[in-house]
Amino acid sequence: MSDVSRGQRVTTQAARGAGGTPRAPRDGARRGPAEPRPAPAPGNGRPLYVTGLVASLWCVGIGLTVLTTVTLLGWVAAPKTALGHGMSGVFRTAVNFWLVSHHAGFSYGHGRVGLLPLGVLVLPGALLYRGGAWMIRGLGLPPRPRIAVVHVAATLAVPYALLAVLLALAASAPEVHPSAWQAFVGCFLVAVIAGGLGAARAVVAAQVAAEARGRRVRSGLGALLRLLPDRPRSLVIGVAGSVAVLLAAGAVLVGGSLAMHMSESDRLYDLLAPGIVGGVLLLLVELAFLPNAVIWGVAYAVGPGFAVGAGTSVSPTGVFLDTVPAFPPLAALPEPGPAPAVSLLALLAPFAAGAVGGVLTIRTMPSATSEAAPLWGFVSGTLTGAVVALLAALSGGPLGGGRMATVGPSAWQVGLLAALEVGISAAIAAWAANWRIMRRPEGEEAPSKRKKRKKRRKQRPAARLPEAAVPQPAPAPVPDGTPAAAERPTAPRPSPSRPSPYAPDPLEFEEAEPVLAPRRPRGRGRAVDPLPELIMDEPPAPEPAEPEPEPAAREPAEPEPAPAEPQPDERDGKVVLEGHIVEDAEPDPVPPPREDPERTENRGGAIYVLRDEPRD
């Protein structure tokens, strides 16, 4: 009997080829011992498309509920025929408002309406953002987060857009006819962008939570940049900085103009006389059109300006207006004629935006660039122009037929001028920022990073570790019997502080030995030698090497001892002082002349015979 069951034996035999030789395993087959499978990510167990359908239904339902409530309040306060006949008319109006919130236009008897408020995008955008985050949480922490975010965004956007088309067809009426294709495109794009951002935010939050391990780490919208590669991330940061500067300039321009024309705005409000409920609804509509007004201010700062009807223009070159609708925010329009001189300061906004975008692009680059820095700055400015052109196209549109068919800025004109102005200034700023970075010594930290690090240290002081005892080097043996180094009076040791990296270390000098030995003087009983002799000094005995102190316990060099007193040399009675030989104080006596009248002397290698000649 065998312990292997029949099914297992058949499988084993089938795995062998002809002749009993084992077959090669397939590419996907497991080799070796069985490996434990990774535990599945915690999720709700539903397929992704089912989760996307549920999320889209929730987003559509909540959005329609909010807009239906607002429409019903307006229907109660306004005349009964203003927002539709009966409850069915109220529902159709609410559906049209919901489609308008996705920037889907509609047509009525006098033309098409494409000038839609951008502020109402907040409602469906927030709902889809939460829906995308909910879907990605159901999947857990995916191994490939970017692919998972794309799948979630597409799975949420497709059913959402299909539901929008069904609602556009259901809300169609002879008086108002919403555009089905605009409903599909607008809802699909809004769902992809908002749902993708929500899913990406949830993925980044999960990654940060897994890496933090209990620490509190920022995981806001700025953390979404972690999902982007290095180069695109720097471009996105630069474009975001430029667009933020332009939008801030547009908001300041609109706010200042509206503050200067507040009396005209009050007159238009009194002319409408909306009442209490109507006044609240009118305020909501004005807030919804506020982003459109800010983008029109950006178009004015860039140069082309905008139009409020056919044949009109509001730009720095002049203001040409005709009759405008009685809408209180339109009271901020300047008077016909030359542009106000104060508003011309807004022309500096594109160049300031380019400077900010160029600096941010270079400072967030993964590696330093030399010649390509102006090119990256110009690319950042070009992308900024594309974004501004898109915003200009979304902020304008027709408002019926006839003269009001042209309202808002020209997208291509605004985008082209913004790309040139912002791109050129961004290229110059990027070159300057890169030049400063290249001039910075290697290893030196940027001032902004240094300030952030100091601020972080102040907020969270680190615990001081106890100072470890530094071993002291043993004193060197002294051959002449002098007291040890521990018994000698030493200079006071400075406080144990970290030495400055910029202060030079104390230098230690050693006395150099003479290259040539000193000349040996002539002795009294020695023969005269025409050539001097060189004294071969005996090499000094090697001194024991002192152990070098550690870098952390480096002590300043001890002061050099005073020069020793001159001591007589035992060899030939001469005095040696710092390597120099001093002659005896008493000179050698001159020997008396010889009595021999003829004598020889050796002078410079020549022998001379000296004779004493008698004098006459």
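The expected span of a helix is 1.5 Å times one less than its number of residues. Helices here (H or I, at least four residues) and strands (E, at least two) are DSSP runs, numbered from the N terminus. This is a predicted model, where local features need pLDDT of at least 70, side-chain atom pairs count only at pLDDT 80 or more, and totals for chains, interfaces and linings use all residues. Residues are numbered from 1 along each chain as its sequence is written, and side-chain values use heavy atoms, with hydrogens and water left out.

**Overview. Helices and strands in one protein.** There are 14 helices and 12 strands to find your way around. Of the 616 residues, 30% count as buried (buried is under 20% relative accessible area, exposed is over 50%, and partly exposed is in between, using a 1.4 Å probe and protein chains only). Take the contacts (heavy atoms within 4.5 Å) between residues at least 6 apart in sequence: 68% of them join residues at least 24 apart.

**View 1. Helix 2 and what its buried residues pack against.** Helix 2 covers residues 48–77, 30 residues in total, and reaches 44 Å from its first C-alpha to its last, close to the expected 44 Å. Its buried residues are Thr51, Gly52, Ala55, Ser56, Cys59, Val60, Gly63, Leu64, Leu67, Thr71, Gly74 and Trp75. Those buried residues pack against helix 3, helix 4, helix 5 and helix 9 (275–288).

View 2. Helix 3 (residues 86–100) has 15 residues and spans 21 Å from first C-alpha to last, close to the 21 Å expected. Buried residues in helix 3 include Gly89, Val90, Thr93 and Ala94, along with Trp98 and Leu99. Look next at histidine 103, in the loop between helix 3 and strand 1 (106–108). Its phi is near 65°, a positive value in a residue other than glycine. Most residues other than glycine have a negative phi. Histidine 103 is buried, with a relative accessible area of 19%.

**View 3. Helix 4 against helix 5.** Two packed helices are described by the angle between their axes and the distance between the axes. Axes are lines fitted to C-alpha atoms, for helices over the stretch in contact, and angles run from 0 to 180 degrees between N-to-C directions. Helix 4 (residues 122–139) and helix 5 (residues 145–170) pack at about 130°, with their axes 10 Å apart. Helix 4 and helix 5 are therefore oblique to each other (angles under 35 degrees count as roughly parallel, over 145 as roughly antiparallel, 65 to 115 as roughly perpendicular and the rest as oblique). Helix 4 passes helix 5 in a right-handed crossing; a crossing is right-handed if the near helix is turned clockwise from the far one by less than a right angle, and left-handed if anticlockwise. On the helix 4 side, the contact is made by Pro124, Leu128, Gly131, Gly132, Met135, Ile136 and Leu139, and on the helix 5 side by Ala148, Val152, Thr155, Leu156 and Tyr160. By class, the residues of this contact divide into 9 nonpolar, 3 polar and no charged (Ala, Val, Leu, Ile, Met, Phe, Trp, Tyr, Cys and Pro count as nonpolar, Asp, Glu, Lys and Arg as charged, and the others, Gly among them, as polar).

**View 4. Helix 7 against helix 12.** The axes of helix 7 (residues 230–260) and helix 12 (residues 373–395) come within 9 Å and cross at roughly 55°. That makes helix 7 oblique to helix 12, and the crossing is right-handed. Arg231, Leu235, Gly238, Val239, Ser242, Val243 and Leu246 of helix 7 meet Trp376, Val379, Ser380, Leu383, Thr384, Val387 and Val388 of helix 12. Class by class, this contact has 9 nonpolar, 4 polar and 1 charged residues.

View 5. Threonine 384 lies in helix 12 and is buried, at 0% relative accessible area. Leaving aside neighbours within four places in sequence, threonine 384 touches Val239, Ser242, Val243, Leu246 and Val422. Over in helix 7 sits serine 234, also buried at 0% relative accessibility. With neighbours within four places set aside again, serine 234 is in contact with Thr361, Thr364 and Met365. Arginine 231, in helix 7 too, counts as partly exposed at 27%. Arginine 231 and tryptophan 376 are 145 residues apart in sequence and 9.7 Å apart in space, C-alpha to C-alpha.
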